[in-house]
Amino acid sequence: LGELKEERAVQCMDCNGRLLPDCSCAGPKPATATVLCPATSPCGSPLAPASTTPVPTTTATTAAPSTTVQAGPSPVWVYTAWMTDRTNCHARRCGEGALVQERPVLCKDLASGRKLLESNCTGSKPETTRILCPATAPCQLATSTSTTTTTTLSSLTCCPKGFTLKSPSELPLSCRQGTCEVETCCSMAKWVYDDWDETPECDQSCGLAEQIQERSVSCQAIYGGELLNDALCSGAAPSRQRSLCPATEPCASCAGFVCGDDALPVLPPPPCADGVCESLQCCRKFLSGFHTQPDASVLAVANEGHRGGTLKFQGEAPQLSDGGHFFQLNGETSMDLLTPSVHNGFTALVYLRPHAEAWVDKEQEVLVQKGVDGDLWKLVLTPMKQFRIYSFKNAMMSPSSCTCASVHEAVWSHVMVRDNSSRMDLVINGKSCCGTSSSVRTTSSGSSIWLEEGLQADLHSVEIWDVALNDQDVESVTRRYHKAIPD
């Protein structure tokens with residue numbers, strides 16, 4: 001006997017029972033045939049087994065539907081039993097087509113298992129299709145009229161799950177007259193957007209601009225999330241921005257003016273001309289310096305201080321980190337940071353992270369104020385990973401110094417040198433840790449503060465103020481650096 005196979009129909013359908021191309025269904029196509037019994041040895045062969053009972057194959061991994069062989073002489077009709085149907089026809093929506101089940105019916109020669117032309121088989125061919133659920137009735141338009149207006153409100157119930165009903169202005173006439181087709185009355189796109197954040201309590205300070213909140217709004221395919229043209233989505237697009245807080249009244253004096261992150265309020269607050277306060281009147285800014293920006297140049301940076309101009313790196317150009325958050329200094333770079341006034345004192349600060357592998361047996365100079373008669377002061381990094389300041393108040397005498405005992409290795413530190421014309425303090429991360437005599441000289445005109453060559457560290461920012469900042473200002477300036485570098 002020839003090999004006995006079982007075949008079944010495997011087709012790709014949508015939820016309405018309509019046939020689709022195989023490529024529309026996800027995953028590999030299930031097998032359409034499996035071997036039930038292998039071919040037996042030829043009759044009369046010495047190798048034929050004593051028993052002629054077919055031995056079922058063990059290659060099938062799941063129970064298959066039983067195969068029916070029509071009684072009678074060969075050739076015969078061979079077909080599978082109908083699969084058990086668990087479709088709930090009552091749960092189907094309106095406007096859906098008939099749900100059909102199919103099966104293969106073949107004419108075969110039992111002796112050889114070969115397929116034959118259907119004309120070789122006698123009797124009527126068994127059914128190859130049957131209807132599981134009949135087509136549902138067309139969707140009807142349900143209308144209701146408001147008791148307060150003459151506007152008719154309409155709703156449709158024919159759209160399958162995952163589809164949305166088009167807006168009334170977009171519905172075709174056939175839909176409005178009561179006949180609903182999914183392709184014409186339902187939309188396969190939807191608006192996708194985030195909910196608005198909780199509305200904050202608005203600051204009532206004077207001189208504040210209106211606060212605007214924005215959000216992303218896009219038209220996307222319901223299945224797959226593909227971005228689509230806005231015109232394919234039903235209805236008007238949700239708003240992309242809203243007003244969080246209105247603008248407040250102009251300030252009469254600088255007392256209520258809010259300065260930016262790179263400035264400090266002028267104390268005592270001066271009055272505002274014509275009742276209009278501006279940053280130049282109410283805020284004071286550092287003289288010279290920069291904060292690393294993602295688009296910064298490695299050759300020069302804009303001076304963000306009130307003196308303006310450009311600050312240029314000298315020697316080896318530093319490398320800009322990924323993301324542009326800091327410069328990488330490898331000991332071959334310096335920069336002239338301009339000269340503060342010596343009459344009102346000064347404050348020099350730097351935000352840096354010393355390289356862990358760069359510690360050597362000598363001090364690394366960080367900031368140095370160079371005068372005509374020699375150095376006035378300098379900030380150094382010791383071999384013990386500590387910061388120290390030297391004050392050269394008298395060129396003929398040995399310098400005075402102080403050292404901060406805390407250790408700084410491979411961590412970001414906010415280091416500040418503050419001179420009020422009588423005392424010089426070393427401030428680390430907002431706290432004063434030591435002090436020495438002032439570096440001010442009567443012959444210090446023409447001096448300049450330098451970011452000195454030899455430093456091996458990551459550098460985010462430098463600021464030179466032409467005034468000695470008070471403790472409140474130091475705290476304010478230090479606070480803004482906590483989130484300057486992302487984790």
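**Entry 1: the cores.** I started with the largest nonpolar core, which has 35 residues; Trp377, Leu379 and Leu426 touch the most other members. I'm working from a predicted model here. Next I listed what Trp377 touches, skipping residues up to four places away in sequence: among them are Phe346, Leu367, Tyr390, Phe392, Val417, Met424 and Ile449. I also found a second, separate core of 13 residues, including Leu349, Tyr351, Val427 and Tyr481.

Entry 2: I looked up an open sheet of three strands, in the order β14-β16-β17, with antiparallel pairing. β14 (189-193) and β17 (227-228) are the edge strands with a single partner each, so one side of each has no neighbour in the sheet. I then checked β14 against β16 (residues 217-221) and found five bridges, in the antiparallel sense. Lysine 190 sits opposite glutamine 220 in β16.

**Entry 3: salt bridges.** How many salt bridges are there? I got eleven. I picked out glutamate 363 and arginine 388, which meet at 2.8 Å, N to O. Glutamate 363 lies in the loop between β27 (346-354) and β28 (364-371), while arginine 388 is in strand β30 (residues 387-391), 25 residues apart.

Then I looked at aspartate 425 and arginine 423, a salt bridge at 2.6 Å, N to O. Is aspartate 425 buried or exposed? Its relative accessibility is 9%, so I put it down as buried. Arginine 423, at 39%, counts as partly exposed. Shared partners join Arg418, Arg423, Asp425 and Asp471 into one salt-bridge network.

Note on methods: Residues are numbered from 1 along each chain as its sequence is written. This is a predicted model: local features need pLDDT of at least 70, side-chain atom pairs count only at pLDDT 80 or more; totals for chains, interfaces and linings use all residues. Side-chain values use heavy atoms; hydrogens and water are left out. Two strands pair if DSSP finds at least two bridges between them. Helices (H or I, at least four residues) and strands (E, at least two) are DSSP runs, numbered from the N terminus. A nonpolar core is a set of buried Ala, Val, Leu, Ile, Met, Phe, Trp, Tyr and Cys residues joined through side-chain atoms within 4.5 Å. Buried means under 20% relative accessible area, exposed over 50%, partly exposed in between (1.4 Å probe, protein chains only). Contact means heavy atoms within 4.5 Å. A salt bridge is a side-chain nitrogen of Lys or Arg within 4 Å of a carboxyl oxygen of Asp or Glu.
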